[in-house]
Amino acid sequence: MFGLNSKDTRLLLIVAALCLFAPFLLNPFPEGSELAQFNAGYPDLMQRFVIFGIFAIGFNILFGLTGYLSFGHAAFLGVGSYSAVWMFKLLGYNVLPGIVLSVIVAGLFSLLIGFISLRRSGIYFSILTLAFAQMSFAMAYSVLTPITNGETGLQVYTDDPQFLMGANSPNVPHLFGLQMNATYKMELGAWLFQFNAGYYLCAIIMLVMFYLAVRIFRSPFGIMLRAVKTNQNRMNFTGLNSRPYTLAAFVISGMYAGLAGGLMASMDPLAGAERMQWTASGEVVLMTILGGAGTLIGPVLGAGFIKYFENIFSKINDSVLHGWFAFLPDGLEDFVVAILHPFVGKGWHLTLGILFMLVVIFLPGGLIEGGQRVARLFRRKKQTPDGKDPEHHPKPAPHVAE
Amino acid sequence: MDAILLQILNGLDKGSAYALIALGLTLIFGTLGVVNFAHGALFMIGAFCAVTLNKILTLSREIVDETRTDFLGNPLKVKVPYVEGWFGPELGAAIIDWSVPLAILFAIPVMIAIGYVMERGLIKHFYKRPHADQILVTFGLAIVLQEVIKYFYGANPIPTGAPDAFRGSFDFGVLLGFDPNVIIYPYWRLVYFVFAAIVIGAVFAFLQFTTFGMVVRAGMADRETVGLLGINIDRRFTIMFGIAAAVAGLAGVMYTPINSPNYHMGMDFLVLSFVVVVVGGMGSLPGAVAAGFLLGVLESFASYSPIKNFFETYLFLPSIDQIIIYLVAIIILLTRPRGLMGRKGVMED
Amino acid sequence: MAILEVKDVGKRFGGLQALGDVNLSVAENTCHAIIGPNGAGKSTLLNCLIGKLIPDTGSVMFDGKSVLGRKPHEINQMGISRVFQTPEIFGDLTVLENMMIPIFAERDGAFALNPLKMADKQADVIERAEAMLEDMNMADKRHMHAAAMSRGDKRRLEIGMCLSQQPRLLLLDEPTAGMARADTNNTIDLLKQIKDERDITIAIIEHDMHVVFSLADRITVLAQGTPLVEDTPDKIKGHPKVREAYLGESA
């Protein structure tokens, strides 16, 4: 279907189904129950899942295929956000012009930065992109205050021109009248499911972007990008010029980042410089690596994983921990809570840093590789001679010589 | 003339910090072939060594001073640091006053230990992994170190002063024959510059005149050959990592009176230090030092109001000082891709 | 007619004269070997031929055009393909993908932005790639990861990739270095077959006399940066100067 082979089509359909049914899948626990805090099916978070998914899919086209590690992609996301908010200010709250402009501006900006940064490779490239991102951050934060509104962040004011704003246009971001914050709530017994217009717009765009990424991965162009990663020397001696290939990948991934930035502004019409900080660039690197760089679905998983646990971990505080470990004897309970305390709530970044290190050290292929390893393990267990269900095995399967 | 001199002086302290951090980064690049994104965190930990020592020294017990009373007429409770109890009030107070310089002695073993553990425990396993992996794992480590410090010391900057003797400023211009009050320069900044110069000199002398240094320099030039000679280069590189960590830590210790340390100062300095290393030329120690001072002074000039106003009025770029380093770095890299003093073949795969 | 003309090429590295006044001409559709003891300047000469080094003096002409100062991909597009000492292939890609890349390069040029075409629908390219794999006796390995193959197979693949571009000159840099005897013999057979079946000029730089004498039509002996003799293999074998400079040492 869509010119993809059956395996890729299946993957695309799975992602589509996940996106469509996300409001159900992410809200498995009844409202008001003890476990409701693990629900993630509310609009704001679901929007973040898919927007960061787009960001990571794009980043993966550069890093996963060519191996060029950019530490400055947040700059393109920020530029996208600023462009979209400017469209809201000038034209009105319809999100379409904003999204289109954010992709174009981010594309041009990444062309400029990529053209300079890609003169070098390896570490030099990483550091150059890092320097550019920090420079963009400083420019957004102070130097270009007239355009970015500096520390305050760019937002829409009532006296902005908004030339295309009709008399009865909604005063919030909308797509031809469909308000982005419109949410249909469905109550089913104790469960509450929310269907948000903004989420579905982002999800549809993510699906299109995912499809495009699959096409890029499977195209001759994609093969060339993988060739760049593997052996530039052979590539050049095959009559191919690797620089335009890397630049094209850089611009494409920059445009993905710009799109994500534009969507972010469309969901919440604000743009601030902090979105461009290099720690934000680090985050998308992390999502891609965690999910599995170079795989199709990995970055999306990584983005969802990080955004989900960021949300959950930040909500856990000491009283929640005490609630969980109440079954332990008092002294032990306090001890366990004290041990866990630094990692939850505001300590989420600590957990994230540790997780990041563990993944890079032990699982360079990310969650995808982890999943494959587990799957292999189970497959091997099932092939044990007596053929019993592995769950009923008292002992682990004997080691087979490899 | 005096204005130019003042800007140069103002740039020296930041330049010194850049130079010290970049020196350690380059040492690690050159010897171990590893990009250490956690190097800024080492600078930050150094600063917190000073904070910690200050906290330890001011640990106090409460005693009741019968001779004095508070406003209600009760005997006054005063806090007396233990150090004052042990060494007598005068010496004790002097020790507390000099806590930042004293922290140098405290920081050196701590930083070397941290460097040793980092190299043996983590970095060692990444020599043969791709550079991207090295960047990523040290980036993760930097986040962890930063968050640990944040957990123990909070998010707010912790002011830690210089000794009384070096507080305040003096009229540097008069010494050079300028009019009084033209070049006023804080004592501590001068101390910092002199300190940085001594540390840099010591590192260079160490590499130049000791057998150890000779092996390390040879290793920087050609690691495999030195390894083939039967010299245990890995062990020396571990020590080198410890030294680089100590240099970054010392830069942090002495920087505390200039800028109150906070948990993210490492990240702030790291990015600029990378720029410094790249501008200086990857793997070139003199390049790192020269570029550090150069960019520090440049930043100072860009914040000098006539220049700043010029950029604002004619080029519509207010706050040019915020981005000047990056702009210059980009121009240098476009014209001299290997940096000011870079050699061919270093880190180019 | 000479396809490759090296005229008065000299190259110094500091105080070392690596090459001095090298003159060499490789005739079309022959196999020309360049041999010489270690440090004779073989690698320097090769690097001058492919644009990696620019000689201090002299000129290198390929088919009447200078190759000096051109980028590797431009030199390749002139019709020179190179086989490296250690096989340079795309290790992360499958064998078939490896073979497709040079064919894409020939069809689409140095750069083509075609991110939405599907690689598995490029029937013309796949057909040619599979035919070439067939020629190389590697059709059964087509879905293997290239990095997982033996050194001999990697060499075979590399030569196949070079041939699929239909180059006019194939440069081989010690193609059997570090190979087991069986792999070496296989490679020699492959090269012989290529020589017989295709209109191609081969320039080979080699250490192993066995390889050189079983392939070359003409041999140039390089010593201390200058050509000592140039002649047919039979004459070279008995040449006193060569014995003295080279064979005497290694025999």
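**Contacts, domains and a sheet in a predicted model**

Trainee: Which strand of chain C is joined to β6(C), and by how many bridges?

Mentor: In this predicted model, β6(C) runs parallel to a strand covering residues 169–173 of chain C. Within this pair, Ile80(C) stands opposite Leu169(C). The strand is β7(C), and the number of bridges is four.

Trainee: In what order do the six strands of that open sheet of chain C lie?

Mentor: The pairing in this sheet is mixed. From one strand to the next the twist averages 20°. The order is β6-β7-β8-β3-β9-β10.

Trainee: Why is one side of β6 and of β10 of chain C left without a neighbour in the sheet?

Mentor: Strands of a sheet pair through backbone hydrogen bonds, either parallel or antiparallel. β6 (80–83) and β10 (226–231) of chain C each have a single partner strand, so one side of each has no neighbour in the sheet. The place where both stand is the edges.

Trainee: What distance separates the centres of the two domains of chain C?

Mentor: Chain C is divided into domain 1, made of 2–79 + 167–250, and domain 2, made of 91–160. Taken over C-alpha atoms, the separation of their centres is 27 Å.

Trainee: Which element gives the most to the side of domain 1 of chain C that touches domain 2 of chain C?

Mentor: The contact takes nine residues from domain 1 of chain C and six residues from domain 2 of chain C. On the domain 1 side, α2 (72–78) and α6 (181–197) of chain C are the elements that give two or more residues. By class, that side has three nonpolar, five polar and one charged residues. With four residues, the element that gives the most is α6(C).

Trainee: How many charged residues are on the side of domain 1 of chain A that touches domain 2 of chain A?

Mentor: The assignment for chain A gives domain 1 (6–295) and domain 2 (316–388), with 29 Å between their centres over C-alpha atoms. Seven residues of domain 1 of chain A are in contact with eight residues of domain 2 of chain A. The domain 1 side divides into four nonpolar and three polar residues, and the charged ones number none.

Trainee: Which helix supplies the largest share of the side of chain A that touches chain C?

Mentor: This contact takes 25 residues from chain A and 30 residues from chain C. On the chain A side, α8 (197–218), α9 (220–230), α10 (232–236) and α11 (242–267) each supply at least two residues. That side divides into ten nonpolar, ten polar and five charged residues. The largest share, seven residues, comes from α9(A).

Key. Residues are numbered from 1 along each chain as its sequence is written. Chains are lettered from A and ligands numbered from 1 in the order in which they are written. This is a predicted model: local features need pLDDT of at least 70, side-chain atom pairs count only at pLDDT 80 or more; totals for chains, interfaces and linings use all residues. Two residues are in contact if their C-beta atoms, placed from the backbone, lie within 7 Å. Ala, Val, Leu, Ile, Met, Phe, Trp, Tyr, Cys and Pro count as nonpolar, Asp, Glu, Lys and Arg as charged, and the others, Gly among them, as polar. Domain bounds come from an automatic or database domain assignment. Two strands pair if DSSP finds at least two bridges between them. Axes are lines fitted to C-alpha atoms, for helices over the stretch in contact, and angles run from 0 to 180 degrees between N-to-C directions.
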